[in-house]
Every structure is written in structure tokens, then in C-alpha cells.
Amino acid sequence: MSPGPRVLVTGASGNVGAPLVEHLLKGGADVRVASRGEGARVLAGATAVRFDFEDPSTHAPALEGVEKVFLMRPPAISDVKRHLLPVVRAAKAAGVRHLVFLSLLGVEKNQGVPHAKVERFILEAGVPHTFLRPSFFMQNLSTTHRDDIREHGELFMPAGSGKTGFIDTRDIAAVGARTLLEDGHEGKAYDLTGSEALSYAEVAGLFTEVLGRPIRYSEPGALRFAARWYRRDVPLAYIAVMTGIYTVCRLGLAGTVTRDTETLLGRAPISMRQFIQDHKACWM
């Protein structure tokens, strides 16, 4: 059995990166986990390498001998020309033969978002690539919005009655691993969603059923939503991004459902009900 490819994974501790590393290791890949600090904790079988988006001197050493890269933009980085373009160029110079970028659903229609700029960098550099364009992460409900659900019994977002084609990040990771371990995905873009579009009122109903206690969707306006997060000392730029995302939903533009996830995985995507059941403890 020939050894698997050497893959550099950025964002390896995140909701997509962590399960991705597991899939890659099971698939026989030589996994290099990008880490800003020394002594990073990684899964057995993976290797931590120093890599910092804001320090170009770390890029070439981390990419040495790497065949494939999983690239994601850290949410804190907004100046992608300064901090991601050098990574793309370094990957090109290192001879990386496949770069998988975690992009955003609908990015081709919204050229102002950072993900669109990164896609352009990759296309202009001529690095063989695959763009994963997922919809809204279910895991945002178990991380960003966990306390509102757990402590206040509410979904608090200005999404109106619009629907969203949520996706579980475990499914994104499974797709990402497949595109990195298999040939034939170069030059493609996959729109990744779950199999159903739900309003937040419907999501609240599922939470109520699974948790066995009332969870309501309070449907705040954008200003009330922003004010709550501002009181939590969240940076205004991050509040603006969240508000923008929910405005897209409120306008009815987030309800897209595609078959890409099901086709690539050969099974139905994880449902919202299953996601809530699997993470039930975090809201109790």
C-alpha cells in the first residue's frame, strides 16, 4: 500500500479542521497541522508544524514537501491580501499540487466578501484547487449561540422568517477529506448544504422537542441584536459580519439546498435534529 499524501491542514483545531484531521489520518495521509505556537496538541499520527498567517517567514518551511493543503481563513483576519495571498504564493512556489479552500456558499455572487478575494488569488496563482462553499454551520448554535440557548432558552438572531440550508461541519470535514484523498476534484467548486432548509422558528421547535424544555425564537431586530453582542465586548467588525449573515437569511437568500453533500458522501447529510441530539449536553 503506497503512503498517502502529505497534507498541511490550517484551522486544525476548529469545527471543520478537527474532524478533517481524523478523516485524513484514517485515510492514510501524512498530516501536518499548522500551529502558531510550539508544543501544539495534535492527534496521534499527525505532526505539528509552525505556521502563522501573519508571519510569512513560517510559510515556506511549513509547506516543504507538502503535496496538498487545506486552507481556511481565520475569522480574525480581514486583510486577506496581506495575510492569505502570501500563503497562496508560497504554496505555488512549494509545488503544492492541490489546494482545498474552505469558502462560502454564494461567494460567486458576492465579490466583496474576503472568501471571494481568496478564490481569486488561488485562480490567478494557477494552483490546482477545489473550493468548498458551505452554508451556515450548525455548530454555530453549539458555540457562538450556545449561552443564549442554554441560559436564556432562546435563539436570538435577526433572521426574520427566512430559511437556511444549514450544514453540520462534520459533513464538511468528510467532504474535505474526500477531495484531498481522491483525485478528480481539481478545478471544481462544491456548494455544500444539508438536505433541508429551516427557519429559526422551526429550529427552535426542534430544540424544544429534543431538549425537552421550551426554546423560543425571539426574532430581534438588527439593532437589538447588535446591542446585545456589543454589551458582551464583541468587536464591532465581528458583530457587523454576524448581522450581515442574518440579514441575508432575513431577505430569503440563505435557503438554498443542494445535492453536492449527499452526492459526494453517498449518504444523506446530518439533519438538524440529529445535530441537536448529538450535542444535547452543551445546552443543558
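A: The lining of the second largest pocket is made up of 15 nonpolar residues, five polar residues and four charged ones (Ala, Val, Leu, Ile, Met, Phe, Trp, Tyr, Cys and Pro are nonpolar, Asp, Glu, Lys and Arg charged, the others polar). This is a predicted model, in which local features need pLDDT of at least 70 and side-chain atom pairs pLDDT 80 or more, while totals for chains, interfaces and linings use all residues. Residues are numbered from 1 along each chain as its sequence is written, and side-chain values use heavy atoms, with hydrogens and water left out.

The second largest pocket holds about 550 Å³ of space (a pocket is an open set of points on a 1 Å grid where a 1.4 Å probe fits, with protein on both sides within 12 Å along at least five of seven lines, and lining residues have an atom within 4 Å of a point). Its lining has 24 residues, of which Thr 10, Gly 11, Ala 12, Ser 13 and Ala 34 are the closest to the centre. The most comes from S2, which gives three residues.

The largest pocket, in turn, has a volume of about 1700 Å³, and of the 46 residues that line this pocket, Arg 73, Leu 104, His 115, Val 241 and Ile 245 are the closest to its centre. The elements that give two or more residues to the lining of the largest pocket are helix H5 (114-125) and helix H10 (236-250), and H10 has the largest share, with nine residues.

The structure holds twelve aromatic pairs (ring centres within 6.5 Å; planes under 30 degrees apart are stacked, over 60 edge-to-face, the rest tilted). In one of these, the rings of Phe 136 and Tyr 246 have their centres 5.6 Å apart and their planes at 50°, so this pair is tilted. The pair links distant parts of the chain, 110 residues apart, since Phe 136 lies in the loop between strand S6 (129-134) and helix H6 (146-152), whereas Tyr 246 belongs to helix H10. Phe 136 is buried at a relative accessible area of 15% (buried means under 20%), and Tyr 246 also counts as buried, at 2% relative accessibility.

Tyr 246 takes part in another pair, with Phe 225, that is edge-to-face, at 5.7 Å centre to centre and 75° between the planes. Because Phe 225 lies in helix H9 (residues 222-231) and Tyr 246 in helix H10, this pair ties together parts that are 21 residues apart in sequence. Phe 225 counts as buried, with 0% relative accessibility.

These residues belong to a cluster in which ring pairs link Phe 136, Phe 156, Phe 166, Tyr 200, Tyr 217, Phe 225, Trp 229 and Tyr 246. Charges sit over two rings of that cluster (CZ of Arg or NZ of Lys within 6 Å of the ring centre and within 35 degrees of the ring normal). The charged end of Arg 228 is 3.6 Å from the centre of the Phe 156 ring, and that of Arg 232 is 4.7 Å from the centre of the Trp 229 ring.

Definitions and conventions: Points joined across faces, edges and corners; volume = space filled by probe spheres on them. Helix = DSSP H or I, 4+ residues; strand = E, 2+ residues; numbered from the N terminus. Phe/Tyr/Trp six-rings, centres within 6.5 Å; stacked < 30°, edge-to-face > 60°. Buried < 20%, exposed > 50% of the residue type's maximum accessible area, 1.4 Å probe, protein only.
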